[in-house]
Amino acid sequence: MTTRYITTPIYYLNGEPHLGHVYTTVAADVLARYWRLAGARVKFLTGTDEHGQKVAQAAEAAGENPKAYADKMVALFLEMTEKINASYDVFLRTTEERHHLAAQALWKKLEDAGQIYQSTYAGWYAVRDEAYYEESEIVEGRAPTGAPVEWMEEASYFFRLSAWERPLLDYYEAHPQAIAPIGRRNEVLSFIKGGLRDLSISRTKFDWGVAVPGDPHHVMYVWIDALTNYITALGYPDVDGEEFQEFWPESLHLLGKDILRFHAVYWPAFLMAADIPPPKRIFSHGWWTHDGEKMSKSLGNVVDPFALIDTYGLDSLRYFLMREVPFGQDGNFSEDALIQRINSDLANDLGNLAQRVLSFAYKNGGGQISSPEEFSREDRELLAKAAHLHEILHNDMDSQALQAYCRHIWDVVGEANRYVDVQKPWSLKKSSDPQDLVRMGTVLYVLMEVIRHVAIYTQPLMPEASAKILDQLGQSERTFEALKTPLKAGTPLSEPFPVFPRIA
Ligand code: MSP
């Protein structure tokens, strides 16, 4: 049986959930839902990154101790996850005991393998990025990301990252699909080729983190702790356990381009050093701007996903996020673009198709799915296009081409709308020739079969709206397996109603 392990980054708790968080979680959810419908065994992991200086400072600013602050903030992220209908299997908090144990076990494994040594770190650190920077990277007192940096000097444990330069390059050469899209893979390769320095992996100036085993004056650098979450959720250190064995080889990490280096350089190096294979694939998506500007608290232009959902509906937002921008590239959010997509793709294209066919069939076909007579060439062509989606969409999802997935479904929606215009079932209805009424039944059958395909395939994108269409069509079998059997004539239809209202 196919398995899939799909992860989102774990989100920092220093502020409220925003569109960036919603984006990755929706993308992961679309993939998870797709693979479940395809019959795969899926584990979908998300959660929160609760340690480190950034969260500790946010807690301090709120006048709370970090744990109480995290307990309060995590509720917002759980609420977001529920509100966007993310079908996660595990929500992991890095403050959970099992995670502390996993992170400490990984540390010990690295230590036993001679990968960790003690020294002193002296260099730049940006709390906002939770990242170390080289002197050469600092421009006008800031990190390349624009984050303020501070000079840090403290006793620290180091990981022998420099030793992993060659093994990482060899690994990526042997596994060309391990980092996507290709441009990001090239970035990672040139970064590694530029030379890797050993990495400071512990801190002593604060204690909000996982204690270093055997040396409790140190807490782990938040990224070594955070990255471990991906294996904590599979029962690490029990690498021989069923969960680990089944899911780790099928791991897919989704994350934004800003945190690619941590995932594609540090994480595989830690894993290889601990005798664990690197993740199967890392997909790095782009960033959303808002009306052309970078979203930031100080500019006051951060998009509030909750307000959008309340105004436009969840499924419309989910569809927009997946359809608007090729997954992997940067994109721009504007309310106008969202409204435009809702009106054109949802209300006009899919909504109209479903509404006009289903209400016509309900009224004029005895409230049930009509029986087809002989199929014409046009009928067969349209049915073949719908059937062919199976293979096309599988390839899209296998390469995380989420926008292409939408486009390919909508190609068929467009064909179906043209078919309605050409076949004119309403004219057939008015004809006095009894053959025309028979033909009308066939045309409606073809259309309902195509709508069934479309609505089954839109379930990962728009679970609720698709369910409404499938309800109206009287379909209770909704997995891809169901599409192997032709639509059953005689199935009762439910009273139709519009699923995608136009936005005025
Ligand atoms: N805690 C780390 C991840 C640890 S994973 C082991 C972290 N958290 S975060 O909350 O700051 O960011 C989470 C994700 O949100 C990242 O993938 C980041 O790329 C994404 N985004 C933040 N702003 C974004 C946009 N404006 N647009 C798209 N994604 C954005 O980093």
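Some ground rules come first. The model is predicted, so local features need pLDDT of at least 70 and side-chain atom pairs count only at pLDDT 80 or more, while totals for chains, interfaces and linings use all residues. Residues are numbered from 1 along each chain as its sequence is written, and side-chain values use heavy atoms, with hydrogens and water left out.

A pair of aromatic rings is described by the distance of the centres and the angle of the planes. Here, rings of Phe, Tyr and Trp (its six-membered ring) pair if their centres lie within 6.5 Å; planes under 30 degrees apart count as stacked, over 60 as edge-to-face and the rest as tilted. By this rule the count comes to 29 aromatic pairs. Take Tyr 230 and Trp 267: their ring centres are 6.1 Å apart and their planes meet at 55 degrees, so this pair is tilted. It also links distant parts of the chain, with Tyr 230 in helix H8 (residues 229–232) and Trp 267 in helix H10 (residues 260–273), 37 residues apart. Helices (H or I, at least four residues) and strands (E, at least two) are DSSP runs, numbered from the N terminus. Both Tyr 230 and Trp 267 are buried, where buried means under 20% relative accessible area, exposed over 50%, and partly exposed in between (1.4 Å probe, protein chains only).

Another tilted pair is made by Tyr 319 and Trp 410, with 4.7 Å from centre to centre and 35 degrees between the planes. Tyr 319 belongs to helix H12 (residues 314–324) and Trp 410 to helix H15 (residues 402–423), so this pair ties together parts that are 91 residues apart in sequence. Tyr 319 counts as buried, at 1% relative accessibility, and Trp 410 is buried too, with a relative accessible area of 9%. Rings can also join up into groups: ring pairs link Tyr 5, Tyr 230, Phe 244, Phe 247, Trp 248 and Trp 267 into a cluster.

A charge sits over a ring if NZ of Lys or CZ of Arg is within 6 Å of the ring centre and within 35 degrees of the ring normal. The charged end of Arg 4 does this with Trp 35, at 3.9 Å from the ring centre, and the charged end of Arg 203 sits over the ring of Tyr 125, at 4.8 Å from its centre.

Now for the ligand. There are 22 residues around the ligand, and Ile 10, Asp 49, Gly 256, Asp 258 and Trp 288 come nearest; a residue is near a molecule or strand if one of its heavy atoms lies within 4 Å of it. Several polar contacts turn up, each being a pair of N or O atoms within 3.5 Å; within protein, one must be able to donate a hydrogen and the other to accept it, and residues adjacent in sequence count only if both atoms are side-chain atoms. A side-chain N or O atom of Asp 49 is 2.7 Å from a nitrogen atom of the ligand. Polar side-chain atoms also lie by ligand oxygen atoms, at 2.4 Å for Asp 258 and at 3.2 Å for Trp 287. On its own the ligand has 670 Å² of accessible area, and the protein covers 94% of that (Shrake-Rupley method with a 1.4 Å probe; for residues, only the protein chains shown count as cover). Two or more residues of the shell come from each of strand S1 (3–12), helix H1 (19–37), helix H7 (222–227), H8 and strand S12 (251–256). S1 gives the most, with four residues.

Most residues other than glycine have a negative phi, and most peptide bonds are trans. Yet the bond from Ala 180 to Pro 181 is cis, with omega near -10 degrees, and so is the one from Tyr 236 to Pro 237, with omega near 10 degrees. Pro 181 is in the loop between strand S7 (179–180) and helix H6 (182–193), whereas Pro 237 lies in the loop between H8 and helix H9 (242–247). Glu 130, not a glycine, has a positive phi of about 50 degrees and is buried, with a relative accessible area of 1%. Asp 275, also not a glycine, has a positive phi of about 65 degrees, but counts as exposed at 63% relative accessibility.
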